[in-house]
Amino acid sequence: MNSPSSISFPFYSLQRVNASFEPVLSETLFRVSASGWYIRGKECSAFETAFANYCGVSHCVGVGNGLDALTLIFRAYKELGNLCAGDEVLVPANTFIASILAISANGLVPVLVEPDARSFNLNSELLEAAITPKTRAILAVHLYGRVAAMDKITAIAKRHALLLVEDAAQAHGATLCGKRVGSWGDAAGFSFYPSKNLGALGDGGAVVTQDSKLAAMVRILANYGSDEKYVMNYQGVNSRLDELQAAVLLLKLTRLDEDNEKRNAVAARYISEINNALVQLPEAGHAGEHVWHIFAVRSFMRNALQEYLKQCGVETVIHYPIPPHHQKAYATGLIHGMLPITEALSQTVLSLPMSPLMSDEEVSAVVHAVNSFQGQNK
Ligand SMILES: *Cc1c(COP(=O)(O)O)cnc(C)c1O
């Protein structure tokens, strides 16, 4: 068996993931490059149909990236008259900054809600308590790949007549009660950033929804605001999923469930084999509820643990070291109360290596390194 110091590997190797799709990946790239058609063609349509089916919804619109997917959902709801500038949107305080940007970019007001310290996701009781007469929508985030408590959150949204949008950028394929993320809310935004569970070879994103009016509006807004060539009804943007990325995603989608299973096997080993009083493990939830985009542990000695693991050859990442309400970009414009859980999470979370292609020896090396940490440098 490897001693922890004899092995060294990156947090996540995109090269290794993409090599595992060869030779079909290169054939796919060549096929699209030789086709002479690169934007708004049959690869994108085929992927949109396949991804809508996969999520269990009727519409998918490919866009340029995950931030655009979320931003365009809120913009479309404004154009359709469901939201107005100044409306408040509830969002978890510990999310990635893009969730917040999508709200504020539309002149809507992000209202930060404390997460649950064990699931890292929205706490439904605190969520309901944060609703005011100005609240119009909830942006639920499936952080780290763990589906949020959508059964409770959909009930709250219904009770208070709020729009429910999902940020599913980290949770492709996760299910709750057999229902996939993307099919719970009124609409959902996905990212296909290269390192996501379903990743392109560049930027990509999608909006999924059951609402045909919303899907049509997103498609118009993402194409300069135009439905008919050279006729502009809205001041739109250019945000499209190109043919190369769509073809790559269509190929990779066929292996998504299998890859999520492999991530789950790595997580199951971490959970059963990591045994160190200085390290708190994440909750897996029920089968299917976590697709382990990120395996985040907690430690009150987080910085020392990260340094120790680095000396053992184990690369780790902090998701996220500075919460949105401490970012200079949001010195104003956010509404929030005291956020002790969010503060504590930002000081204690640490993400261990996670990939569908990790070998048994690599998982063993991470387990061994974490278990040998005693609060000091190596
Ligand atoms: C990656 C991510 C996004 C943004 O996706 P991009 O494709 O990088 O724009 C949004 N929300 C969350 C939670 C993410 O992890």
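View 1. A backbone N or O atom of Gly-66 comes to 2.7 Å from a ligand oxygen atom, a polar contact (a pair of N or O atoms within 3.5 Å). The model is predicted: local features need pLDDT of at least 70, side-chain atom pairs count only at pLDDT 80 or more, and totals for chains, interfaces and linings use all residues. Residues are numbered from 1 along each chain as its sequence is written, and side-chain values use heavy atoms, without hydrogens and water.

**View 2. Side chains of Ser-191 and Lys-196 at ligand oxygen atoms.** In Ser-191, a side-chain N or O atom is 2.6 Å from an oxygen atom of the ligand. For the side chain of Lys-196, the distance from an N or O atom to a ligand oxygen atom is 3.0 Å. Of the 380 Å² of accessible area that the ligand has on its own, the protein covers 90% (Shrake-Rupley method, 1.4 Å probe).

**View 3. The shell around the ligand.** Four nonpolar, four polar and two charged residues form this shell. Among them are Asn-65, Leu-67, Phe-96, Asp-167 and Gln-170. Near means a heavy atom within 4 Å.

**View 4. Cysteines without a disulfide.** The whole structure has zero disulfides (cysteine sulfur pairs within 2.5 Å). The Cys-44 sulfur has its closest cysteine sulfur in Cys-60, at 7.6 Å, which is too far for a bond. Cys-44 is buried, at 7% relative accessible area. Cys-312 is buried too, at 1%. Buried means under 20% relative accessible area (1.4 Å probe, protein chains only).

Conventions. A polar contact is a pair of N or O atoms within 3.5 Å; within protein, one must be able to donate a hydrogen and the other to accept it, and residues adjacent in sequence count only if both atoms are side-chain atoms. Ala, Val, Leu, Ile, Met, Phe, Trp, Tyr, Cys and Pro count as nonpolar, Asp, Glu, Lys and Arg as charged, and the others, Gly among them, as polar. Buried means under 20% relative accessible area, exposed over 50%, partly exposed in between (1.4 Å probe, protein chains only).
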